[in-house]
Number of protein chains: 2
Amino acid sequence: MAVLSAPKGTRDFYPEDMALRRHIFCSWRRTCRRYGFEEFDAPLFEHLELYTRKSGDEIERQLYTFTDKGGRDMALRPEMTPSLARMAAAKGQALKRPVRWFSIPRLFRYEKMQRGRLREFFQLNMDILGVAEKTADADLIAAVVGMMTDLGLESQDFSVLISSRDLLEQLFRSVGVPAERLGAVYQTLDKKYKVAPEVFEKMLVDSVGDSVRAARLRKILSAETLDQAVAEAPDVPAAEDLRTLLDLLDSYGMRDYVRFDIGIVRGLAYYTGIVFEVFDKQRSLRAVAGGGRYDRLVALYGGADTPAVGFAAGDVVLGELLKNKGIVPLLEPRSTTFVVSVDKDVTLAVEITQLLRNAGVSAEYSLRQVAVGKQLKQANAARCTFVVFAGGEEEGSGRVKLKDMRSGEERVTDVANLARTIGELE
Amino acid sequence: MAVLSAPKGTRDFYPEDMALRRHIFCSWRRTCRRYGFEEFDAPLFEHLELYTRKSGDEIERQLYTFTDKGGRDMALRPEMTPSLARMAAAKGQALKRPVRWFSIPRLFRYEKMQRGRLREFFQLNMDILGVAEKTADADLIAAVVGMMTDLGLESQDFSVLISSRDLLEQLFRSVGVPAERLGAVYQTLDKKYKVAPEVFEKMLVDSVGDSVRAARLRKILSAETLDQAVAEAPDVPAAEDLRTLLDLLDSYGMRDYVRFDIGIVRGLAYYTGIVFEVFDKQRSLRAVAGGGRYDRLVALYGGADTPAVGFAAGDVVLGELLKNKGIVPLLEPRSTTFVVSVDKDVTLAVEITQLLRNAGVSAEYSLRQVAVGKQLKQANAARCTFVVFAGGEEEGSGRVKLKDMRSGEERVTDVANLARTIGELE
């Protein structure tokens, strides 16, 4: 019969692929722990209503939906924030604030296939709930930088670009963009780095409604600093908020990693204040991470008013960045030790293998009775660091030959000391 | 608006729930590494055909199926083995044997809700491909015992019950059960411990076709040892195979954990040889784990003939067992250290928090400017082990007060030594 393939846009993770995924996830967990975040998770599918209640996003058209055998409309989760907001709303006042949660969800979006985009992918999500102050935004931005540097990426590799929906709204209103067109302008702005300049130009005119407003808007959007952006409207209150945040980030030691960028707006409709995205310095890839404030989402799901800020980082773009920089992990040994059976009878090999395992040393032996040479090939294929020769000359002596495959060095050691010897050499 | 709930049969994992899940997963990964297995994963949904090709199982009626936006029929994975077989088949000869793989898949079955069963759950899967010899069965059974004992369960808590489809087939044929009824008898036998004795009795007569055969079968099924089971047909070859396996398991030191049980058959149709299940000693819960040989599955997916043996252990029953025994982990500190800001200005608290984080010590501070007493409450809620008082008397001295929350002991230390001091005390 024909061999079936994995569904389009999904990945098979053979051990060599899994090594990179585990490297990223383990690093993510270490960062989260160090920054004081606790892990949570939610079901992989949710009631469809969880995603349709907050309407308007592109994400809704990309849902994997299905009807379960009980006739309920469900969707595979395309993002984690709605589940987080639902869970926070369900706990109500019992939830001690601030909430500092992270999760590593598997997510699904039926998207057009392109570089850095898959239909099934993973994210790190970090969120702080219950704090309206800019300290929460700053703490999360520090955490996203920590996440990147923990993976070996440096300030010359990436930037956190920061803006604010409040600032954009205040500036756009100051040049005459009507309130009802703000959403459309945000959507256009979010495409700035994703489409050609002339396409962006046309989208901008379309979204603001006329070319005079578009020209004034273009001037604001060409600002390279916060001061330039507010040059013609220096009294917008959101500018002061952003300055507070940037000052705070200086105290965090983040000056080399972050900067203001008026082109950052985020695609999702639920953002309310500070927004930020992480890009590689060459800007050759999609955003590695993005986030911001979403102060109204928990209430939308029936919870109390809860100020909130969070970010998500995807595994696909991050993996590409690590590969480009050549900082991906080597495939580790499948077992530290391979026990070669010199004799036909495997009993001694079994006993030594199990002795090592019981002492905490990872070990395997040849499950098939084959010649010593073939067993050594298996040891190589399993990338074992040590080989133990069970039986042969040493049979019955309580001693075995141990070979360090890195140096080729051999020694004879008591079986009773084998695990300790390997532990010391490793 | 109304608060939405998680879909029926799924779980929200708040941090306190996640602690147990992480405890189990981390222990699983340690066991697998020690026994020489490498991690892999596959997509969370697969082409529906992957599950319908091998027909006949109850599992097929429990599938969560959907049609994607491209019109393809898909299903959420209800078990991992078909994905494993598909991936092995796809690699063909490039896959070095033996394959020793594990995975921790999230799985979905639309089942009737009952104790120890959920519609969304996790499993540990361990598999060895490419070895027809009983050593592979033994190595896997040793690994399932290792998985249980690594979690703190002992030989008085659980047993691995072992039988063989070959043995059952040979014995059943010897008492006149026709070949075409074997499948039905296996299905009945799999229900032995799941239904009342009189129901089982009736099912047995129905499945073999008449009460004479049923009586002979009943006698075989009442055997408590392998010798008793084969008393009337001592020359069945599968009995020798089972003896070889049980002897091998003695060499592994597994005598106290394993025993023959003629009532074990497994529900899935694809098993071909040795089958086994792990039960708590009181038999108060469903099987914790189950597995066996499936030598024909990889070929069914278009691969070369590949002998294979594997097992799966579920997180739900295992979690109940750990809870019953009282060996579940305590919730760890969210942060090791809480930095209290004695002054209004948080700058010093930010700097010390970040200094600790950069030195590898997990830390947080109060993101809201509240009184010291309220900050200490936050430190308690975050279960922090240490509190650092930033500012106040020590302001400008380069020294801070450090309090160990376990003993209540306080000391004053240089900020420069803070991370080291905490590391030593922790």
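With 10 C-beta neighbours inside 10 Å, B:Arg283 counts as exposed in this predicted model. The backbone of B:Arg283 has a positive phi of about 55°, although the residue is not a glycine. B:Arg283 belongs to the loop of chain B that runs between β10 (274–280) and β11 (289–293). In chain A, the residue A:Arg283 is likewise a non-glycine residue with positive phi, near 55°. Its place is the loop between β10 (274–280) and β11 (289–293) of chain A. A:Arg283 is exposed because 10 other C-beta atoms lie within 10 Å, and the limit for an exposed residue is 12 or fewer.

In chain A, A:Arg97 and A:Pro98 are joined by a cis peptide bond, with omega about 0°. A:Pro98 is located in the loop between α4 (81–91) and β5 (99–103) of chain A. In chain B, the bond between B:Arg97 and B:Pro98 is cis, and omega is again about 0°. The loop between α4 (81–91) and β5 (99–103) of chain B holds B:Pro98.

At the level of whole chains, chain A is divided into domain 1, covering 15–325, and domain 2, covering 337–425. The centres of these two domains of chain A, taken over C-alpha atoms, are separated by 52 Å. Chain A and chain B are in contact, with 76 residues from chain B and 76 residues from chain A taking part. On the side of chain B that touches chain A, the residues comprise 39 nonpolar, 13 polar and 24 charged.

The packing of helices was examined within each chain. Two packed helices are described by the angle between their axes and the distance between the axes. In chain B, helix α1 (residues 15–34) packs on helix α5 (residues 134–150) at an angle of about 140°, and the two axes are 9 Å apart. The helices α1(B) and α5(B) are therefore oblique to each other, since an angle must be over 145 degrees to count as roughly antiparallel. The crossing of α1(B) past α5(B) is right-handed. From α1(B), the residues B:Ser27, B:Trp28, B:Arg30, B:Thr31 and B:Arg34 meet B:Ala143, B:Gly146, B:Met147 and B:Asp150 of α5(B). This contact of α1(B) with α5(B) contains three nonpolar, three polar and three charged residues.

In chain A, helix α1 (residues 15–34) crosses helix α13 (residues 315–325) at roughly 105°, and their axes come within 11 Å. That angle makes α1(A) roughly perpendicular to α13(A), because the range for this class is 65 to 115 degrees. The residues A:Leu20, A:Arg21 and A:Ile24 in α1(A) meet A:Asp315, A:Leu318 and A:Gly319 in α13(A). By class, the residues of this contact are three nonpolar, one polar and two charged.

Helix α13 (residues 315–325) of chain B was considered with regard to burial. Its buried residues are B:Asp315, B:Val317, B:Leu318, B:Leu321 and B:Leu322. An α-helix has 3.6 residues a turn, so residues three or four places apart point the same way. Among the elements that cover the buried residues of α13(B) are α1, β7 (120–129), β10 and β12 (308–314) of chain B. After α13(B) comes B:Gly326, which has a positive phi near 70°.

Conventions:
Residues numbered from 1 in each chain as written. Chains lettered and ligands numbered in written order. Predicted model: local features only at pLDDT ≥ 70, side-chain atom pairs only at ≥ 80, totals over all residues. Domains from an automatic or database assignment. Contact = placed C-beta atoms within 7 Å. Nonpolar A, V, L, I, M, F, W, Y, C, P; charged D, E, K, R; others polar. Helix = DSSP H or I, 4+ residues; strand = E, 2+ residues; numbered from the N terminus. Buried ≥ 20, exposed ≤ 12 C-beta atoms within 10 Å, placed from the backbone. Axes fitted to C-alpha atoms, helices over the stretch in contact; angles between N-to-C directions. Parallel < 35°, antiparallel > 145°, perpendicular 65-115°, else oblique. Left-handed = near helix turned anticlockwise from the far one by under 90°.
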